[in-house]
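Hi,

Have a look at it first, then read on.

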Amino acid sequence: MHALRTLLRLSLLLTLAGSLACSGSIDGPTGEPRDDDPLDPIDRLPEYAPGGPVLARLTGDQYRNTLVDLLGSPLPAFELEPDTAPYLFFHIGAASTTLSERGAQLYEEAAQKAVEAVLADAARRASVLGCEPTAPGDACLRSVVESFGRRAFRRPLSEAEISRWLDASTEAAEGDAGRATQLLLSAMLQAPSFLYRVEVGEADPANEGRRRYTSHEMAARLSYLLWNTTPDAELLAAADRNELVTDEGVFEHAARLLDDARARRATQQFFAQYLDLRRLDHVERDVARYPGWTETMTRSMRSEIELVVDDLVFRRDADVRELFGAPRTFVNAELAALYGIDAPGASDVAFVPYEFDASSPRAGVLTTGAFLAMNAHPTETSPTLRGKFVRERVLCQTVPPPPDNVNLDLSDPSGTPRTLRERLEQHRRNPECAACHADIDPPGMLFEHFDSVGVWREEEAGGPVDSSGDLDGVPLDDARDLAIVLAEDPRVPACMVKQLFRHASGRLEVASEARALRALTEHFEASGYRFRELLLTLATSEAFRTVAPVEPVGAEVEE
Amino acid sequence: MSAPKKPKGGREVEKGVLEKARSFPWGPGLKPLKRRTFLRGAVGGAAIGLALPTLDAMLGPSGAHADGTTAGPIFGVFFWANGLPWHAGMGGETAGVTYPDLWTPTATGAGFAPSELLMPLARHRVSVVTGLEPKTEVPPNPPGQSDGHMRGFMVAMTGDRIRPEGFDHPSHTLTALRPTLDQYVARHAEFYGDQPSRFRSVQIGISEARFHDYGHWNAISYNGPDSLNLPILRPTQLHDQLFSVPDDLVALGRRARMMDAVMDDARALQTQLGARDRARLDEHLTHLSEIQRRLDLAAATCETPARPVDSGDVTAKLDAMSELLAIALRCNLTRVFSLMLTSPATTHVFSNLGVTDGLHKTCHDGLWDRVRVTQAHQMELFARFLDVLAGTTEPTGTTLLDRCAIWGTSEYSEGWKHGTSEMPVVIAGGACGGLRTGVHAREPRGNLCKAQLTLLRSIGLSEASWGWNGGETSDVFGELLG
């Protein structure tokens with residue numbers, strides 16, 4: 001068995017050089033071909049030049065985390081417009097979508113509500129304000145605009161700005177200091193300077209023609225990437241001292257942030273999007289059809305992934321490729337039952353570590369209930385969805401849409417039950433379909449021993465399950481074989497780097513950033529694929545710290 | 001107390017159109033007094049909160065006027081997912097199996113006999129237009145833009161194609177090039193004129209099932225590219241949005257004034273940004289001024305219904321939200337709505353009908369009988385929504401449905417092959433006399449945009465043409481217009 005797997009690994013590497021019939025190249029949103037085959041030498045890539053600035057609005061999580069940092073907790077419940085996640089990532093949605101009117105209204109109401117609650121509590125009021133205003137526009141309120149404004153806007157306010165906010169609150173408050181305070185804080189918390197991160201950079205005196213992010217912009221970039229919240233006092237102070245334009249300064253603070261528990265929370269956010277876990281929220285199954293199914297199952301499935309990620313990245317700081325290949329996981333009682341394993345100590349709420357042995361069919365995240373259920377239908381599995389996930393999410397390949405007016409009917413006119421494998425054969429018989437399904441279905445078939453909720457099965461449609469398939473022409477027996485080859489596949493870490501870069505920059509990479517991505521991937525490899533190290537390398541990299549100029553004023557809107 | 005003002009000048013309208021507009025009972029503009037104006041005038045500018053008499057001239061945004069004219073037509077969208085059961089006319093025939101057309105009525109013109117699927121809607125004398133399809137050109141790159149879910153949806157809602165730039169079929173990332181019909185009307189100078197309702201529009205969604213969780217699949221209303229209006233999905237949220245006005249109206253006025261500082265901040269930021277982000281902040285500024293206007297209305301709603309109880313059941317939710325919307329329309333809190341029963345390519349499992357899988361997959365599995373049952377059910381729910389509008393009578397004796405022009409459609413004609421020929425088009429309501437009811441117009445391979453232009457004309461808009469990128473038309477279905 002071991003020898004077979006070594007052989008598989010070798011033959012896989014040999015086939016990597018060849019391109020897929022369907023999904024070989026990865027194109028950007030503008031259709032520019034991008035030369036980022038992970039095996040291509042770095043010096044063949046174009047010279048690095050930074051991408052343009054984006055205007056990111058705080059995501060819902062960032063807004064809530066930030067409000068707690070600014071005002072303390074607890075805060076009253078409030079509703080916000082849901083985030084969108086084009087290309088998988090909330091950060092891309094936050095930097096490209098436009099807020100709706102209702103979204104703006106919800107900000108207005110949330111700010112009113114949160115500020116009202118805080119000001120009604122004497123201790124919290126004193127800690128947020130630092131003084132007690134006695135009249136609109138007094139010295140205390142001026143200091144509030146200055147200090148609260150600096151924390152909320154993540155930069156010092158100009159004298160003109162301070163006067164503007166102060167005067168507006170004086171005018172609207174009609175003589176009452178309490179009203180002025182409420183109006184002031186709630187207005188600042190719905191101000192675009194708070195809701196949006198303006199990061200347009202400045203000329204870099206050491207590099208002519210290059211723009212770098214300012215220290216205050218870097219403080220926000222580091223903090224929202226690594227903590228998913230606003231800079232703390234220490235980071236803001238470093239920005240005030242202009243320390244975040246140097247390698248040492250950025251490194252010191254990035255490392256400090258990564259050592260904090262908030263980095264664990266933020267990292268979970270990335271993995272949940274990269275693995276598209278939100279789709280779990282919409283998984284529903286009929287208990288009559290799947291007797292082990294419970295109301296809490298999808299939550300347990302999500303917790304399992306979170307525990308695996310935290311264990312890999314923070315507790316053990318291990319090779320993150322284990323995500324796809326390692327037999328180590330965490331289960332509670334209902335997951336143990338789903339997997340048919342005995343996990344002492346597991347209960348409804350308690351998760352325990354569990355190591356699948358070598359004879360188990362399970363290893364890695366692609367054999368967890370989360371992946372298997374999310375990529376299946378309510379009544380049957382979907383080798384196509386599962387294969388598509390492997391291609392698109394794990395390997396970052398592009399699977400084109402089906403051709404127009406193709407016959408999508410996989411039903412059987414004869415009425416005799418057939419396995420899904422038999423029905424999917426039609427994908428291969430029709431040459432129009434075969435071009436892509438020959439790439440998607442065979443890796444998807446490897447999961448056929450796992451039903452639509454992730455339970456192991458021996459039979460389908462009255463016959464034994466056949467889970468054989470392949471990846472890029474290398475024949476494999478089952479999902480466990482796939483886990484082993486993916487753990488060694490260089491496309492997997494390259495894909496992870498690309499997705500992290502998108503998440504960090506709030507946009508798709510541009511062609512001139514390919515070299516930076518490759519360099520990150522090489523550092524990642526050199527570090528033994530430790531994700532924490534990748535975060536640190538990225539945060540301190542030129543690609544995260546430099547920016548193209550804002551398009552000139554008067555340029556046409558691209559639409 | 002001055003007489004209602006004439007509409008402001010500066011809006012050039014063709015003569016013929018103006019004459020047409022005059023013929024409508026609501027007239028082009030009764031300007032209501034602002035409540036604040038009354039307060040200021042009555043008590044010398046001191047801000048006080050007190051119960052106010054409802055003077056006829058103030059009634060503008062709250063229903064019928066003393067002279068019998070109403071607050072004007074209501075524009076609505078009713079959207080259901082996954083089209084219709086397929087038949088040969090849609091290209092849905094395969095070797096050996098012929099499926100009947102359960103949608104297209106046999107006769108055209110007024111008083112047509114309803115087909116099986118239109119039967120529930122017949123009690124509301126809806127009109128249908130059949131034979132239509134999108135005419136927009138499909139750029140070859142990026143690939144996948146011809147997919148019915150996306151192309152059909154965009155044409156049915158905007159009259160234009162998907163924005164090619166940034167389109168990504170694999171991740172289902174797509175956006176509109178321009179506003180959807182509801183937003184086009186809500187911001188049209190000829191619709192609200194200078195007296196918009198408290199809310200220019202309201203977006204409602206019923207089923208929370210979604211094919212993708214990427215935002216663009218959870219909404220049918222766009223202001224423009226990458227600018228979505230996500231629907232309100234829970235009755236309690238809809239209630240709070242429409243009816244929860246705090247008791248302290250004066251405090252709302254102060255919040256309104258403070259919005260000036262927020263808008264100043266937005267304008268200051270804009271100077272640092274590139275064109276695209278400036279446009280995003282422009283939109284944000286527009287929203288802020290709408291919110292400011294709403295805060296500044298400082299008026300309670302004409303009726304505050306009890307806060308409903310949230311339910312996951314589609315029919316119960318539809319009932320609760322229809323009732324809330326009807327009250328809001330009667331109180332003139334808005335005159336534009338969209339109601340998304342199910343989202344494009346929905347994964348909703350109609351287990352109440354014995355269907356075991358999501359609707360999108362059921363279509364792809366070729367389970368025609370189940371699609372027939374499901375879509376008949378969605379039409380029944382459409383009719384149930386219209387029941388509420390038809391059952392809400394205004395002081396003038398007309399019903400809300402008499403005032404409505406409702407665009408009823410789906411993202412494509414059928415879900416088996418994502419076909420877009422023979423798109424479903426239902427036009428419901430009387431548009432204050434602007435629409436004839438109970439008419440079947442048919443134009444095989446006709447332009448879908450022609451039906452949209454017809455609907456826009458029915459509510460008094462003077463659009464000379466409609467449709468873009470191959471969908472352009474200046475024709476209307478005259479037989480539908482009143």
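Helices α19 (residues 420-429) and α20 (residues 431-445) of chain A pack with their axes 8 Å apart, at an angle of about 150 degrees. Anything over 145 degrees counts as roughly antiparallel, so that is the label for α19(A) and α20(A). On the α19(A) side the contact uses A:Arg421, A:Leu424, A:His427 and A:Arg428, and these meet A:Cys433, A:Ala434, A:His437, A:Ala438, A:Asp441 and A:Met445 of α20(A). Sorted by class, that contact has five nonpolar, two polar and three charged residues. Before I go further, please keep in mind that this is a predicted model.

The other helix pair I looked at is also in chain A. Helix α6 (residues 139-153) and helix α7 (residues 159-173) have axes that come within 10 Å and cross at roughly 125 degrees. That angle makes α6(A) oblique to α7(A). As for handedness, α6(A) passes α7(A) in a right-handed crossing. From α6(A), the residues involved are A:Leu141, A:Arg142, A:Val145, A:Glu146 and A:Gly149, while α7(A) brings A:Ile162, A:Trp165, A:Leu166 and A:Ser169. By class, the α6(A) contact with α7(A) comes to five nonpolar, two polar and two charged residues.

Now the chains themselves. Chain A has 25 helices and twelve strands, and 49% of its 559 residues are buried. If you take the contacts in chain A between residues at least 6 apart in sequence, 69% of them join residues at least 24 apart. Chain B has 13 helices and ten strands, with buried residues making up 56% of its 482 residues. For contacts in chain B with a separation of 6 or more, residues 24 or more positions apart account for 73%.

On domains, the assignment for chain A gives domain 1 (55-197) and domain 2 (270-486). The C-alpha centres of those two domains of chain A lie 44 Å apart. Chain B is divided into domain 1 (74-237 + 310-480) and domain 2 (246-298). In chain B, the C-alpha centres of domain 1 and domain 2 are 32 Å apart. The contact between these domains of chain B takes four residues from domain 1 and four from domain 2. Of the residues on the domain 1 side of that contact in chain B, none are nonpolar, two are polar and two are charged.

Is A:Val118 buried or exposed? A:Val118 is buried, because 23 other C-beta atoms lie within 10 Å and the cut-off for buried is 20 or more. Leaving aside neighbours within four places in sequence, A:Val118 is in contact with A:Leu71, A:Gly72, A:Arg124, A:Arg125 and A:Val128.

A:Asp317 has 15 other C-beta atoms within 10 Å, so it is partly exposed. Not counting residues up to four places away in sequence, A:Asp317 touches A:Arg530 and A:Arg532. For A:Asp317 and A:Pro552, which are 235 residues apart along the chain, the C-alpha atoms are separated by 44 Å.

Cheers

Methods: Residues are numbered from 1 along each chain as its sequence is written. Chains are lettered from A and ligands numbered from 1 in the order in which they are written. This is a predicted model: local features need pLDDT of at least 70, side-chain atom pairs count only at pLDDT 80 or more; totals for chains, interfaces and linings use all residues. Axes are lines fitted to C-alpha atoms, for helices over the stretch in contact, and angles run from 0 to 180 degrees between N-to-C directions. Helices (H or I, at least four residues) and strands (E, at least two) are DSSP runs, numbered from the N terminus. Angles under 35 degrees count as roughly parallel, over 145 as roughly antiparallel, 65 to 115 as roughly perpendicular and the rest as oblique. A crossing is left-handed if the near helix is turned anticlockwise from the far one by less than a right angle, and right-handed if clockwise. Two residues are in contact if their C-beta atoms, placed from the backbone, lie within 7 Å. Ala, Val, Leu, Ile, Met, Phe, Trp, Tyr, Cys and Pro count as nonpolar, Asp, Glu, Lys and Arg as charged, and the others, Gly among them, as polar. A residue is buried if 20 or more other C-beta atoms lie within 10 Å of its own, exposed if 12 or fewer, and partly exposed in between; C-beta atoms are placed from the backbone. Domain bounds come from an automatic or database domain assignment.
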